[in-house]
Amino acid sequence: MSMEDILVTAQDYLLQMGEAITLDASVPEMVETLARLIPVFGQVGVVYNIWQVGQYIAADGTYADLTALAQGPGDFSVTTTTVLDGLLIGASGAYDQVTFGLTSGALGTAPQYEWTYWNGRAWLPLRLTIQPTFAAPGVEMLAFLPPDDWVPDVPTDIVWPAGVEQTAFWLRLRALVPPELSPATCSTLSLTIRFFPLPTNVLQLLSVHFFPRELEPAGVRWAQDTLDPAWRTRTGVPTRYTQELETTQRLRLHPSPTMQGAMGLPPFQGIPGASAPTNHLVTLTLEAPNVADLAPWWEDLVAYLLAAWEATREGLRQDAAQAQALQTLVALLVGLLKDLHHAPGEELVSTAWQMPYWMHLPLGREP
Amino acid sequence: VAFLASQSTLTTLQAGPFISTVDGVTVLSGLTIPPSARRLSVNGGAFVASTALDNAVYLSEGYYRFTLSGADTAGLGLLRVAITMPGALAVWVDVVVVPASVAAMLAGVPATPLLLQQTPALLTLGPFISNADGVTVQSALSIPPAEVQLSTNDGTFTTSTSVAPLLARGDGHYSPQLTAADTAVLGDMRVSITLAGSMPVWMDYTVVDQAGWDLYFSPLPAVIIVPPEPPVPPQPSPWGGRAASSLYAGVSAVLDDPQQLRADEPLLLRCLSQAQQWVALRYHLLIHSFPLDVIAGVPWYALPALQPRLLMVTEVFDASQRMLTAVPLTRLRYSDPQWLARSGPPTRFYRVGWTHLGLYTVPDASASYTMTGVCMPVRLTEGAQLLETPLSYDDAVMRVAAGLLLVGRERKTAKGMALISQGLALPMGQPAEEVPA
């Protein structure tokens, strides 16, 4: 089964007059529309955060990976004695706190540091609430408000070595005035990662597990914010999760777990797709499936939607009656599937059917 | 007049005469006309360079032979080829691109640019050339829609009803946007634009109805379903199965006028396949049981990979044929917050959508379970393939298939939807669960 089958069927209803390029490009959108109309495409996922750190050499824009030293035994320098050298810190989820375990402070006259973040186009200043001085041994913290335009991306001005996950939420530390004698050294580094990224085709979270316990879903404004206005800063063993900003692209745990990657959660066995020992979040979701994963009867529904959408587009072949008929046909078949959802033995997850587009087909929009 | 060309086919044409801009008389025989100088506009679209590979070859009399690549002729409809060479007056050629079968049928005849009756159309008109010197191509004009004058069947010129400004397409060409009202009358139509400061520009079209349009651009394949006799009853096979082809005649008989049904076998099979699916779904006709190999420690099982035909699981039985209780996964947390970690012999099952089946507790031993669910028929790809729906539902399948054909092929949407509605025993626009069984 394939994209080709969808296009062939759609063309049946367009008298072969559909624009192949447009139809081809619109199929994923139609699949998502169908998945919102009939939210029954489930998926089980394992979600986890990773982070990495590397030395930044300004002269040639290189990144030299220090992750193994930062997450294991050994020390590394926070900066060099050269102007504008520093660190690059990246994580798969957005974070708001970095903790440094310093083994020695910087030696020199009044070093000055600059913290910036990558917004997809440029390095911009970070709004700091707590800034480390790197002046003496001990634990120091960097705390900041995660910027709204902070995005997982690949900074274009960095020369990357092999083996580094380049797409991440990146921070950059630079020594505007470097220590003259020696830089601070660090033995441990930890990030407080507040968000777990989700695959972009996720439509709805059904269940989230911080093994071995399932987390409770919680609202933000009328639940978490009311119960504990400072809940976003809490750390510990998570008991709840939220989907903030009405997005399914990320979720936040409450309290935030303090460890990620290879640490944090006890292992469990038998989760398909998870490497052992597993220590990550387990998510059960509804998604918009890949076209290649659709069974033939779903493909035909997608084809009807596609033909109806194409028929409504402006152009020589505009045919409102055809579009209306196909929309009616899709609505009828969706009704049949919804009816099946109430078959004996079916679970009645009411929220699964309360999708934004349930009551109408979004076929009247502009192409 | 335009040339006829076969869709997606290498086509050789000639253009000219190329005349010197210096005196308007001298024929230019030494031009090098690369593909990039041959600019193409399809159905009023912006100009793009030809994707052919060869330079044009000089013939004589100022004419050059050139080719259009298969990609150049990929789009059906009117193709304007504009060639503007330095030192030469502008030259253009119009081509009507039609499917290969139409090109073969009409081979050699000149074609007329066509417009579909009562349908908006985007044209390509030009080139606009300054009347001061008769040479300068004007590519930066702002032409209001009121300048577009139409004469139908040699009648008086009237202004286009379009309010959309003309789109500049480059190379001195502009695209008027005709409305459905502009193309309401069948016959010849001259589109003329006469601007102060420009040479007059006009082009002739023929407005045709849907049948005429389809003759050029949507040729129908050979008719395979024209049963002069009453439908032949399906021939039962020894085990009671019926080939999909046994319903062909019945589908045509469902129509009032089977002579009008034009469909090739692949299209008919696709419609029959869809009809069988929707009838099976409507009446839950296909319910089958499948083995499920449960693995110790594995709580979830992805169903599409295991059983592609399975739409939704309704029942699960363990190795001892004890039925597991269906529960919503969102309620498991209320009885056991650690339900994903709890291990033991499963007593309940839950669904993650319709694509994953989960067991609670997590199986502590591997075993062979059984699951039952609503299935969909396999897609029909050959006429000899057996139908899966029972014989008593053939009438419903044929009605739905005929309805789909009427909607898709014949554009008789009301009648087609009525047949589908009858076949599924559902009023249109009413949710299924609101209809009494």
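**View 1. The interface of chain A and chain B in a predicted model.** In this predicted model, 66 residues of chain A are in contact (heavy atoms within 4.5 Å) with 67 residues of chain B. The area buried between chain A and chain B, that is, the accessible area (1.4 Å probe) that the two parts lose on being put together, summed over both, is about 5,800 Å², and carbon and sulfur atoms give 64% of this area. Local features need pLDDT of at least 70 and side-chain atom pairs count only at pLDDT 80 or more, whereas totals for chains, interfaces and linings use all residues. Residues are numbered from 1 along each chain as its sequence is written, chains are lettered from A in the order in which they are written, and side-chain values use heavy atoms, with hydrogens and water left out.

**View 2. Salt bridges between chain A and chain B.** Between chain A and chain B the count is five salt bridges, each a side-chain nitrogen of Lys or Arg within 4 Å of a carboxyl oxygen of Asp or Glu. In one salt bridge the side chain of A:D5 meets that of B:R379, at 3.4 Å from N to O.

**View 3. Strand β18 of chain A and its partners.** Of the five residues of strand β18(A) (residues 250–254), four are buried, with under 20% relative accessible area (1.4 Å probe, protein chains only). Strand β13(A) (residues 195–197) runs antiparallel to β18(A) and is joined to it by three bridges, with A:F195 standing opposite A:R252. Strand β17(A) (residues 240–242) also pairs with β18(A) in the antiparallel sense over three bridges, and here A:R240 stands opposite A:H254. Strands (E, at least two residues) are DSSP runs, numbered from the N terminus, and two of them pair if DSSP finds at least two bridges between them.

Terms used
Buried < 20%, exposed > 50% of the residue type's maximum accessible area, 1.4 Å probe, protein only.
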